[in-house]
Amino acid sequence: MTDASGLSRRGLIGSVGAGAALALAGSGALYASGREAARQPTGTTHPFYGVHQAGITTAAQDRLHFGAFDLNPSATREDLIGLLRDWTAAASRLTQGLGAGTFGPLSGPYDAPPDDTGEAIGLDPAGLTITFGFGPSLFAGPTGRDRFGIAARRPEALNRLPHFPGDALDLAASDGDVCVQACSNDPQVAVHAIRNLTRIAMGRASLRWSQLGFGRTSSTTSDQVTPRNLFGFKDGTANLRAEDTAGLDSHVWTAPGHDPKAGWLDGGSYLVARKIAMHIETWDRGSLREQETFIGRTKAEGAPLSGGTEFTAPDFALAGREGRPLVDPDSHLAMAHPDRNNGVRLLRRGYNYVDGSNTLGRLSAGLFFIAFVVDPRTHYIPMQTAMARSDLLQEYLRHVGSGLWAVPPGVAAGQFVGQALFS
Amino acid sequence: MKTPALLLTATLFALAGCTDNAPASTPGDLRALSVTASDSTCGLSAQTAPSGTLTFSVTNTGTTINEFYLLAADGLRIVAEVENIGPGLTRDLVLSAPAGSYVTACKPGMVGAGIRAPFVVSDSGEPVGPTGDDAALVAAADALYGAYVRDQAEQLLSGTQEFVAAYTAGKDDQARALYAPTRVHWERIETVAESFGDLDPKMDLREADLEEGQEWTGWHRLEKDLWPARAKGYQALKPAERATYAEDLLANTRLLVERTRTMSFSADAIANGAKGLLDEVATGKVTGEEEYWSRTDLWDFQANVDGARVAWEGLRDLLKRKNAALDTQIETAFTGLQALLDRHRSGDGFVTYDKLSPAEVKSLSDAVNTLSEPLSKLASAVLA
């Protein structure tokens, strides 16, 4: 993309030493009078505009900064639209390695604060994607008031997730009017995105909570190696992948006509976020036998205990000694399997997290679970209800944060995210 | 994932690999054997090994479930075994083997005598744990622990009868006084009680563990009714409701007693039960979450520790034979934890959880870790 007033981070390198930047970027840079014109930044970038928002089927990056925002009590419909417009513009730039504002971190009036905070100067965007979602409270505020004139277009499925057995939610780290998922292979780039979007929102919306994540716990494309979660096991082996377009159409993207009141969401999805604390200290004291039994897979390769290799389909009927199935029916593998869940599949995109340690000297660690699904009523709530009750792994888990957001479809150039909701 | 810590670890491993190849040529390697188990063959990388800790890494290359056994020279007594190896999977069998003649056997399909071959453990001259008739010691541990479980279950029943009588009669002070001392009997055998998946949720569920639409019954339902101070806008139970919940708890307790009468316990069940009780302390008691309304968490804490101690004591003779150092470590940790708990005694019981300072909670938590780490090795030690 070209933006005559833009200033890329690589352009900034150029402003320090144009020759070096040229050599580094390997592409020609155009310089206008006293101000760098836009160049195509190099590095890994994903298109911001498209049929679907990026950051869903995009190959899962290694780092996350997830922000949940609340609109200010005084915010009007115009404020919300203006915010989405501004966020869209900033996200379209940031994801391409440009500054948050049109001047960038080192330009603009000398007596004005820079319109980009600057910590991403010289950094590769490292695959940055920014994905927006609308929470139930955006449609009906704390008092049930239709603050923005959109209550009639609230999707049927967009309700706060119910209380699941064992939930110990911190309400200050749950929910939010709007969510922003920023993923990048560089943590500083992801933080830079949320920081600048937060700044742009000031006066209209404020950050309710945010979460850093490291170490993706799912693969979203076929060529990605399955990573490990903090239990030390591969996670996301059976995940929906970008290449499985039929699976995505059935299980991730909302189809036209899915919800007559919410046609604006066609081509979108729902984002389920759960902050799942892990009792890792007690987990680490469990025998390998117990750990593998609870997961239902080998720790080494991630093969189902019924045999084979990582991607071998589990054989839940295969019985060993005393006629007991090799894969325990209450193992995490069995509980989460489509066979036990009316065939539903999720596109998981979670991250490990460690928020330092707590007062007992235990790591405040776990999984920040993110899943994109076509309908949480069929694709998350029944599964989580069953898992909270019976999953063997539940002994070592505690859900401490929760949120559900409707994720609008992708943005076309010249539009803003979620525009159809307001038209 | 590219965290600095992982990179650092990888670097350290790489360095170790470059600079120190010595262990690869030590006799330790002779004790690492591989077993390739197909549907019709049982291939061992060696037919002999020096005495000490042997590791058989068993890979099932066949199409059916396989097993691997190390049998005594008579071909009858099982020295060690690994079961339920799915096709394509590898599982390690680790055991401490004294010098002598043995028989190895793979058992594809889990049927028949298996594919057998002689195996010799030569005398390495290094000390190997003494062996003897473990069965008698396991039977003694089972008898001891089984008797303990039944005794505690019966005391729980008589205590519960007294408690619910006071509660249904509206004698709240008396019921409050009986609550923690009665629950102690539950907490001492909590891992056994929890093994009854139908009874535990009816008797010991916390309010947050309910699913939507599920009725809340059991101890904590009554606890909240007796200590409603932390409950916002709480509606006290009416006498008829009290009677219903009390009768339900009593009926389930009777069922529990009934079921424990015929239970028997293997060595690993007893050992894992001890570890499980300490896990309960770590996740529920030391954090003050178990007894949210009454704040009597330290009673439960002590009771879990009591139960773990009895389990360990029953296995001590076996453990001392297998791993005396571990036994000493566990003993020291129990003593340390008990000394710390004793500081918080008050009258016949303990101070309430809210009286503990954050530093006191932290030191209790640390003492639990000190005990839990060696205790988590108890099962593998007594099974070795």
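How many residues lie between E1(B) and E2(B) in the hairpin that they form? There are four residues between E1(B) and E2(B) in this hairpin. The structure is a predicted model, in which local features need pLDDT of at least 70 and side-chain atom pairs count only at pLDDT 80 or more, while totals for chains, interfaces and linings use all residues. Residues are numbered from 1 along each chain as its sequence is written, and chains are lettered from A and ligands numbered from 1 in the order in which they are written.

**Chain B as a whole**

Chain B holds 13 helices and eleven strands, where helices (H or I, at least four residues) and strands (E, at least two) are DSSP runs numbered from the N terminus. Its C-alpha atoms fill a box of roughly 75 × 50 × 40 Å, taken along the principal axes. Of the 384 residues in chain B, 39% are buried; a residue is buried if 20 or more other C-beta atoms, placed from the backbone, lie within 10 Å of its own, exposed if 12 or fewer, and partly exposed in between.

| Strands | Sense | Bridges | Residues opposite each other |
|---|---|---|---|
| E1(B) and E4(B) | parallel | six | Thr36(B) and Thr59(B) |
| E1(B) and E2(B) | antiparallel | three | Val35(B) and Leu44(B) |

**The open sheet**

Strands E3 and E9 of chain B also belong to an open sheet of five strands with mixed pairing, in the order E3-E9-E8-E5-E6. Strand E3 (48–50) and strand E6 (78–85) of chain B stand at the edges with a single partner strand each, so one side of each is left without a neighbour in the sheet. Neighbouring strands of this sheet are turned by 20 degrees against each other on average, direction ignored.

**Two packed helices**

Two packed helices are described by the angle between their axes and the distance between the axes. Helix H3 (residues 134–168) and helix H4 (residues 172–188) of chain B pack at an angle of about 160 degrees, with their axes 9 Å apart. That angle makes H3(B) roughly antiparallel to H4(B), a term used for angles over 145 degrees. Axes here are lines fitted to C-alpha atoms, for helices over the stretch in contact, and angles run from 0 to 180 degrees between N-to-C directions. Among the residues that meet are Leu156(B) and Phe163(B) in H3(B), and Leu178(B) and Trp186(B) in H4(B), where residues are in contact if their C-beta atoms, placed from the backbone, lie within 7 Å. By class, the contact of H3(B) with H4(B) has nine nonpolar, seven polar and two charged residues; Ala, Val, Leu, Ile, Met, Phe, Trp, Tyr, Cys and Pro count as nonpolar, Asp, Glu, Lys and Arg as charged, and the others, Gly among them, as polar.

**Where the chains meet**

The contact between the chains takes 34 residues from chain A and 32 residues from chain B. On the side of chain A that touches chain B, the largest share, three residues, comes from H11(A).

Conventions. Pairing = 2+ DSSP bridges. Parallel < 35°, antiparallel > 145°, perpendicular 65-115°, else oblique. Contact = placed C-beta atoms within 7 Å.
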